[in-house]
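Please work through the following exercises with the sequence and the structure at hand. Each task is followed by a solution in steps.

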Amino acid sequence: MSQSSSISIKCPSCGREQEFTTWSSINVSLNPEKKNELRNGSLNRFTCESCSESSEVNYPVLYHDPDKKFMVWLNGEDADIRGLMAGDFLDEYHLRLVNSRNHLVEKTHVLEMGLDDRLLELFKVSMRMGDKSIPEGDLLFAGVGSGQNDLKELQFAVVSEKETKFIGAGFKAFEEFAVTFQPMLEAEPLEAAKWVQVDQAYAKALLQRHLPQNSD
Ligand SMILES: [Zn+2]
């Protein structure tokens with residue numbers, strides 16, 4: 001089930017107060033349109049009915065994909081997590097915490113495709129280390145497509161405050177990377193039914209524990 005509520009927002013530009021709908025949880029099997037609204041930003045976009053000024057409103061969202069069996073919690077509070085959900089069905093789920101809308105969107109792309117997000121975060125660390133020409137910013141997985149010479153590639157957005165750039169990485173390189181790094185992941189299996197934040201900090205800490213000589 002998806003859940004919404006109405007909150008009152010004061011326009012940061014003209015000060016006019018108006019209602020805004022927030023979604024505390026979205027179930028993308030029941031409400032597939034909410035996935036697109038999240039991805040294109042409209043779910044979080046406030047547009048003033050008086051002066052048309054628009055801004056992003058951030059609020060906690062629980063993203064639930066029952067078909068692909070994952071949940072991602074944007075800005076979930078500890079208390080909510082402990083209080084809300086329990087049940088054996090969660091054992092089969094990927095449960096992830098994120099702290100920005102961009103990271104929520106990225107996570108949905110990764111898990112929807114059935115990729116291992118821990119592996120992907122490790123791969124991003126190695127991309128950064130191996131290619132200094134990648135622009136500054138948040139490196140975010142955006143999907144799989146074809147790049148130069150029609151070769152299958154992982155596609156990434158590099159998001160900084162001033163711009164978003166897109167780069168690709170060969171899928172074959174990723175598969176080879178997976179073979180090399182799988183043992184590291186198997187050495188630290190995730191606990192069932194536990195919420196974890198799998199991000200760059202997670203991947204760097206994992207590398208630090210297993211390959212201390214190669215880390216910064
Ligand atoms: Zn306004």
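A crossing of helices is left-handed if the near helix is turned anticlockwise from the far one by less than a right angle, and right-handed if clockwise. The model is predicted: local features need pLDDT of at least 70, side-chain atom pairs count only at pLDDT 80 or more, and totals for chains, interfaces and linings use all residues. Residues are numbered from 1 along each chain as its sequence is written.

**Exercise 1.** Describe how helices α4 and α5 cross.

Step 1. Locate α4 at residues 117-130 and α5 at residues 171-187; helices (H or I, at least four residues) and strands (E, at least two) are DSSP runs numbered from the N terminus.

Step 2. Their axes come within 10 Å and cross at roughly 115°, where axes are lines fitted to C-alpha atoms, for helices over the stretch in contact, and angles run from 0 to 180 degrees between N-to-C directions.

Step 3. The crossing of α4 and α5 is right-handed.

Step 4. On α4 the contact involves R118, L119, L122, F123 and S126, and on α5 F174, F177, A178, F181 and L185; contact requires C-beta atoms, placed from the backbone, within 7 Å.

**Exercise 2.** Determine the strand order of the open sheet of 3 strands.

Step 1. The order is β8-β9-β10, with antiparallel pairing; strands pair if DSSP finds at least two bridges between them.

Step 2. The edge strands, β8 (138-146) and β10 (164-170), each pair on one side only.

Step 3. Strand β9 (residues 152-159) is joined to β10 by 7 bridges.

Note on methods:
Two residues are in contact if their C-beta atoms, placed from the backbone, lie within 7 Å.
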